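Open the structure in your viewer and keep the selection tool ready. We will go from stop to stop.

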Amino acid sequence: MSQDKFGRLNAIQWSNEKYNFQLLQPKAIAMPAPSINIIPDLMIDNKKLQVTVDENKERGNWSNGIEFLLSCLSYAVGLGNIWRFPYLCYRNGGGAFLIPYVIMLIFVGLPLFFLELSFGQYASEGPITIWKISPLFQGIGYAMFLMSTLVGIYYNMILAWALFYLISSLRSILPWSSCDNWWNTIACQKFDVKNCTAMHGILSENGTCILRYQVSNATWESLQTSASKAKTASDEYFHNFVLDITEGLHDLGGMRWELALCLLVCWCFVFLCLLKGVKSMGKVVYFTALFPYLVLTILLIRGLTLNGSMEGIMFYLTPEWHRLKEARVWGDAAMQIFFSLSPCWGGLITLASYNRFHNNCYKDALFIVFGNCSTSFFAGFVIFSIVGFMAHELGVSVNEVAAQGAGLAFVAYPEAVARLPVSPLWSFLFFLMLMTLGLGTQFTIVETVVTTIVDTWPEKLQRRKPWVLASACGVMFAFGLLICTKGGMYLLQLMDNYAASFSALLIGLIEVVVISWVYGIERFLADIKVMLGKYPYPYQYWRILYRFVVPFLIMFILVFTWVDMRPTEYGDYVFPSWATGMGWALSLFSVSAIPIAAIYKVYNADGDIWMRITTLMKPTADWGPKLQHHRVESHAPKHTDSQVPLTLPNYDPDGFGDDNDSDSKNSDGYFSTEGLHMTIPVRETGL
């Protein structure tokens, strides 16, 4: 095909023959069947289209479905799977805890996870702009954004600690393996207490085992007091050297510049891995999602060879069926499921928004949810095999050694590792695993923050996304320096307890109610049908679940969280009432965006108050799939769309040509001075 300098069609080349046409007024004409295939490969080979070309050219897509799966898995599987689930399992009846855990997984975790994946994939929007579905509740998106920002600030600090330990492990002798360092105190346990404990004695400071009948009552009480204050070498290393911790939140102390440098390195790494958006992130998650499983397997094999490991595992699994009668067990199960899968933070909506429109997010949700929970269960074997070994070494019961949170990751586990042969190797692997687990979650948190900002002003920021990413990382790093102070641990504990607990539950409840009742769960399931080609099975199960079961269970978790809320503690330090007030302020800071945004929108709308509210509760004309040809599938209103899925001359997404040209709508193709217009039935191309 050739054109002159004015763009007019001169000739068309079919194989070795040339057919010349005289240019006429636009009308339908007959064309001979070509002897070669002139339909581009991308129009026929759907698999090729998915791999090599982004469906959404402006926003971008995952390179393939595996990268999305691994990104979601890496986001869901985080530090809580390692340092919280095993502890909850043993505390709430061992193997019996799995029953409420699985029930809450099926009726809370999976529905919420699937809802957010399908929500984000259908609209291809970030957490704020996606609320075209019901503009009155756009504050939910702002709340998700604020909550993710708060979590991102302190979550990277935990990775900085892991990096500090990782570097410290590059020595022939671990620095927390003895009490002969300048940071150790007289309370550090220098001697092995196992044999003395077995005889029900107390080890004195000089290493002598003293039995009850050998001393007076006053001396025995004094020895008991000293023994209760004794600390392991790993405990003093973490609190006296790494943190150099102060007495409380009221005294933040000076800056720990070593930790500040580690935090800077972590933020630089996050920035580099997200520099190309989901393209670069999709490559990194191959490592961050899969490497932890390799390390967990290695650590489990090593743990099973240790003395006392089976006692620890049996302590982890032995069911206590009577515990199922306690409300706390069911509450802990529901809370663990909710916070382990991390719905309502905006991360799942963000990740799914980069999917291709017809991706099977239903299968993805099933795989990720059950994969996440299986990881938690598997990690319990790893942790309790080491905890059992530690209890055997100290001559105490397993429940005296079991811990959770930072106490497990940075005190109990390092202490156990220091007693193993080739201890630096096992320490290096463990903290490298912690870093990869945390980075997978941190990537999605930061990408959520950045995507939300860019989607709010796409015309100005879409091409400046790296600068937005750099600014976000810089601001969160600056706030994170507060946690690098000597009293930063208290601030981190406060943020961890309040920033994404009560607020996440409230956001989740409102989100489910809006989609199920305001927008209508039947409409939402119909939207899912457009993407998947069928309703999620069974239809009535999902309909009833979203309308009644999920909101009720989230309300149950909310009430339980409120009733079970206690003043924050760290070790022997109980946070004062003003600190608790700060915590609630953090929690309400994100949630307050919901009523503020609603009031602002109602105030700026037209009409009487009731008309304003009802209008804002309805979807806007822009709600629906991002691309025009997907909007045609879903019968959404047509809107101006710059996305051109096929690079043919003057491609018309509707296949009807100019709306003002009635003749062209009834023709299969026509010539004009602008090029060739073709209407190709979808059933023939498979596109």
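Select Tyr-165 first. In this predicted model, Tyr-165 has 1% relative accessibility, so it counts as buried. The cut-off for buried is under 20%.

Next, look at the two rings together. A search of the whole structure turns up 53 aromatic pairs. In the pair of Tyr-165 and Trp-176, the ring centres are 5.2 Å apart and the planes meet at 50°, so the pair is tilted. Where do Tyr-165 and Trp-176 lie? Tyr-165 is in helix α7 (residues 139–168), and Trp-176 is in the loop between α7 and α8 (194–198). The pair therefore ties together parts 11 residues apart in sequence.

Move on to Phe-338 and Phe-339. Their ring centres are 5.3 Å apart with the planes at 80°, so this pair is edge-to-face. Are they buried or exposed? Phe-338 has 1% relative accessibility and so counts as buried. Phe-339, at 24%, counts as partly exposed.

Now look for charges over rings. Select Phe-241 and Arg-256: the arginine lies over the ring face, 5.9 Å from the ring centre. Then select Trp-517. Arg-547 lies over its face, at 4.4 Å from the ring centre.

Finish on the surface. Select Ile-99, Ile-103, Phe-107 and Trp-321, which make a nonpolar patch of about 360 Å². Zoom in on Trp-321, in the loop between α13 (309–317) and α14 (327–341). Trp-321 has 51% relative accessibility, so it counts as exposed.

Technical notes:
Residues are numbered from 1 along each chain as its sequence is written. This is a predicted model: local features need pLDDT of at least 70, side-chain atom pairs count only at pLDDT 80 or more; totals for chains, interfaces and linings use all residues. Side-chain values use heavy atoms; hydrogens and water are left out. Patches are made of residues with over 30% relative accessible area and no salt bridge: like charges are joined within 9 Å, nonpolar side chains (Val, Leu, Ile, Met, Phe, Trp, Tyr) within 5 Å. Accessible areas come from the Shrake-Rupley method with a 1.4 Å probe; for residues, only the protein chains shown count as cover. A salt bridge is a side-chain nitrogen of Lys or Arg within 4 Å of a carboxyl oxygen of Asp or Glu. Helices (H or I, at least four residues) and strands (E, at least two) are DSSP runs, numbered from the N terminus. Buried means under 20% relative accessible area, exposed over 50%, partly exposed in between (1.4 Å probe, protein chains only). Rings of Phe, Tyr and Trp (its six-membered ring) pair if their centres lie within 6.5 Å; planes under 30 degrees apart count as stacked, over 60 as edge-to-face and the rest as tilted. A charge sits over a ring if NZ of Lys or CZ of Arg is within 6 Å of the ring centre and within 35 degrees of the ring normal.
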